[in-house]
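Please look through the structure shown here. This report walks through its parts one at a time.

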Amino acid sequence: MPCTLLPVLTVFATGSASSMKSGGMVIVTGLESSGTRLAARMAYRLLGGDEQARPWDGGQPECSPALPENWRIVHVSLPQNGPCLELLHTPILNHQRFCVEGLELPEFRYIYNLSWVLDNDPTARVIAVSRDAADSNRSYATHHCKLQKERDYERPLALAVLNDVLRLYPERSVLVKYETLLKELPAMCTVIEARNCSTRRALGPHEKYHPKTLHPSSLRSPTR
């Protein structure tokens, strides 16, 4: 079911994507500065990602390397794509074809309509990450959107998109808190069908996790 908030842009993919016989797409998402890249790396490891052979930092590029059984992790910030701009309100984007070669997306900042994605892709799952509001908002204002007017506009839209997907697709989505991420591993593993749901597997040998704050070392790939 599409989100009814406006403005909305729809992007149709013309590139090619490999067909999936099993598995599917796991979207790790949340408001900016919520710890989504760490959660994306954890999901990548839980589904068999090999950091030595195919390293991925959880955000760049947006899509992880291919995983066993045709799983793929996609990192999505809400909003996505650069800092906010004074003369352009951040639109909502209807688009479900991730990891597609040749797909051109807008160069400006936008919010993915996650409910639209799950409505059009029955394999898609969502891990939504939340973080203490004071910490998240402070980092968001410093690094992503310095314009108060635009923050007041786009933050409620992003929250509405998150709330919609969690409400409409409870069996294919889960909300986890950054501060208690390891305690919530079983819920993550259930949604993404991870067989090896251990803390050791999720963190790997080098990951640094600081539950009280988004320490810089928890945002860098352990292979860097």
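## A parallel pair

This is a predicted model. Start with strand β2, residues 25–31, and strand β6, residues 125–130. The two pair in the parallel sense, over four bridges.

Strands of a sheet pair through backbone hydrogen bonds, and the pairing can be parallel or antiparallel.

## The whole sheet

Which order do the four strands of the open sheet follow? The order is β3-β2-β6-β7, and the pairing is parallel. β3 (72–78) and β7 (173–177) stand at the edges. Each has a single partner strand, so one side of each lacks a neighbour in the sheet. Neighbouring strands are turned by 20 degrees against each other on average, with direction ignored.

β2 also pairs with β3 in the parallel sense, this time over seven bridges. Here M25 has R72 in β3 as its bridge partner. β3 is an edge strand, but six of its seven residues are buried, so β3 is largely enclosed by the rest of the structure.

## Helices on the sheet

Strand β2 pairs with β6 over four bridges. Helix α1, residues 36–46, packs on the sheet and touches β2, β3 and β6. The direction of α1 makes about 170 degrees with that of β3. Helix α4, residues 148–168, packs on the sheet as well. α4 touches β2, β3, β6 and β7, and its direction makes about 140 degrees with that of β2.

Together, β2, α1 and β3 make a right-handed β-α-β unit.

## One face of α5

Now turn to helix α5, residues 185–192. Which residues of α5 are buried? They are L185, M188, C189, V191 and I192. Seen down the axis of α5, these buried residues fall within an arc of 165 degrees, so they line one face of the helix. An α-helix has 3.6 residues a turn, so residues three or four places apart point the same way.

What do the buried residues of α5 pack against? Their partners are β2, α1, β6, β7 and α6 (199–203). After α5 comes E193, whose phi is positive, near 60 degrees.

## M42, a buried residue of α1

M42 lies in helix α1. M42 is buried, with a relative accessible area of 0%. What does M42 touch, leaving aside its neighbours within four places in sequence? M42 is in contact with L181, L182, L185, A202 and L203. Of these, L185 is one of the buried residues of α5.

M42 and M188 are 146 residues apart in sequence. In space, they are 9.8 Å apart, C-alpha to C-alpha.

## The disulfide

How many disulfides does the model have? The count comes to one. C189 and C197 form it, with their sulfur atoms 2.1 Å apart. That distance qualifies because a disulfide is a pair of cysteine sulfur atoms within 2.5 Å. Such a link is a covalent bond between the sulfur atoms of two cysteines.

The link of C189 and C197 is right-handed, with 90 degrees about the S-S bond. C189 is buried, at a relative accessible area of 5%, whereas C197 is partly exposed, at 32%.

Conventions:
Residues numbered from 1 in each chain as written. Predicted model: local features only at pLDDT ≥ 70, side-chain atom pairs only at ≥ 80, totals over all residues. Heavy atoms only, no water. Buried < 20%, exposed > 50% of the residue type's maximum accessible area, 1.4 Å probe, protein only. Pairing = 2+ DSSP bridges. Axes fitted to C-alpha atoms, helices over the stretch in contact; angles between N-to-C directions. Contact = heavy atoms within 4.5 Å. Arc of directions from axis to C-beta. Right-handed = clockwise from strand over helix to strand, strands pointing away.
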